[in-house]
Amino acid sequence: MSVRVGAARVRALLLSLVTFFVVAGTATGCSGGDEQPSVVVTTNILGDITREIVGDEADVSVLMKPNADPHSFGLSAVQAAELENADLIVYNGLGLEENVLRHVEAARASGVATFAAGEAADPLTFHTGEEGGPDDEAGEPDPHFWTDPDRVRKAAGLIADQVVEHVDGVNEKALRENAAHYDGQLADLTTWMEGSFATIPEGRRALVTNHHVFGYLADRFGFRVIGAVVPSGTTLASPGSSDLRSLTRAMEKAEVRTVFADSSQPTRLAEVLRQEMGGDVDVVPLYSESLTEKGKGAGTYLDMMRANTSAMTDGLTGD
């Protein structure tokens, strides 16, 4: 009798030990030393840039889906948890990710390293009318710095520095090589854009858009921003009738008949402007604030800028 009881106790003990090691292995197996460090990026434009730099050295998670609006997209509970558990958060800042910034702030408060790329890229200030004109009014810092590839070069170099500083386990040499290669591609992009825009006559280098998004491009490549259908830097604003009248007068004075509309947004407002001016307005879609899915026109930042440059050149030269 005593032998049987002892054997039962041994079996119970062995079962307990097996259960303990299985549970312990499950609890620790997700880290197991094999999981890569995590960089979480808010917008898909910055996500593409960051992936080019990081390569295989860390896991890069992008919160904003293709074709989304950075001003209005929100996070799921899972995505908010990603921010809290990241080694580094890369975000635009300057008020761009209006529904996400509070989550970034919460992650920073809990000790997560964060980097605001827009704030480090020599930000410009919004002008709600033609700069220097009677309706010109300076506003808040402009978050759309990526329309200037030279500012993207600066931001990309700083992102590389941030990853090296805050993300343990990355191969710095490999990461620096990635960053140098991408820097060369950005330099080539700038040269190509300069050559393309050089074909546009000086008198036709005038921009009207859905909302104020191409100020950096105008500053870098010598365009005049006549105005925007939505006189704001955010798609969440709406134009009033006086705004449309002011813009119509400015366009007629500058002899501008082309409006560049965000491809990720409906062109309804641009169509309203077309009606205001008697129907003789060309509406040209651009990829302004979001990448598309791969193969859909603007799958990468480089693709987006080349597509926009071609569309702007064609739209302003009449080709």
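**Entry 1: aromatic pairs**

I began with the rings and found 3 aromatic pairs in the structure. My criterion was that rings of Phe, Tyr and Trp (its six-membered ring) pair if their centres lie within 6.5 Å, with planes under 30 degrees apart counted as stacked, over 60 as edge-to-face and the rest as tilted. Phe-145 and Trp-146 make an edge-to-face pair, because their ring centres are 6.2 Å apart and their planes stand at 75°.

Before going on, I noted what I was looking at. This is a predicted model, where local features need pLDDT of at least 70 and side-chain atom pairs count only at pLDDT 80 or more, while totals for chains, interfaces and linings use all residues. Residues are numbered from 1 along each chain as its sequence is written, and side-chain values use heavy atoms, with hydrogens and water left out.

Are Phe-145 and Trp-146 buried or exposed? I took buried as under 20% relative accessible area, exposed as over 50% and partly exposed as in between (1.4 Å probe, protein chains only). Phe-145 has a relative accessible area of 1%, so I logged Phe-145 as buried. Trp-146 is buried too, at 4% relative accessibility.

Next came Phe-197 and Phe-223, whose ring centres are 5.0 Å apart with planes at 85°, so this pair is edge-to-face as well. The pair links distant parts of the chain, 26 residues apart: Phe-197 belongs to helix α6 (residues 172–197), and Phe-223 to the loop between α7 (215–221) and β8 (224–230). For these labels, helices (H or I, at least four residues) and strands (E, at least two) are DSSP runs, numbered from the N terminus. Phe-197 is buried at 1% relative accessibility, and Phe-223 is buried at 8%. Ring pairs join Phe-197 and Phe-223 with Phe-221 in a cluster.

**Entry 2: charges over rings**

The test I used asks for NZ of Lys or CZ of Arg within 6 Å of the ring centre and within 35 degrees of the ring normal. Arg-306 lies over the face of Trp-192, also with 4.8 Å to the ring centre.

**Entry 3: the four-stranded sheet**

What is the strand order in the open sheet of 4 strands? I read it as β2-β1-β3-β4, with parallel pairing. Two strands pair if DSSP finds at least two bridges between them. The edges are β2 (59–62) and β4 (113–116), each pairing on one side only. From one strand to the next, the twist averages 20°.

I then zoomed in on β3 (residues 88–91), which runs parallel to β4 and is joined to it by 4 bridges. Tyr-91 is placed opposite Ala-116 of β4. Helix α4 (residues 101–109) packs on the sheet and touches β3 and β4, with its direction at about 150° to that of β3. Helix α5 (residues 149–166) also packs there, touching β3 and β4, and its direction makes about 175° with that of β4. Contact means heavy atoms within 4.5 Å; axes are lines fitted to C-alpha atoms, for helices over the stretch in contact, and angles run from 0 to 180 degrees between N-to-C directions.

**Entry 4: strand β9**

How many residues of strand β9 (residues 258–262) are buried? I counted 5 of the 5, so β9 is largely enclosed by the rest of the structure. Thr-258, Phe-260 and Asp-262 point one way, and Val-259 and Ala-261 point the other. Strand β10 (residues 282–286) runs parallel to β9, with 5 bridges between them. Val-259 faces Val-283 across this pairing.

**Entry 5: positive phi**

Leu-94 has a phi near 60° and lies in the loop between β3 and α4. Leu-94 is partly exposed, at 21% relative accessibility. Asp-122 has a phi near 50°, and its place is the loop between β4 and β5 (125–127). Asp-122 is partly exposed at 45%.

**Entry 6: the whole protein**

The protein has 10 helices and 10 strands, and 46% of its 319 residues are buried. Of the contacts with a separation of 6 or more, 63% are between residues 24 or more positions apart.
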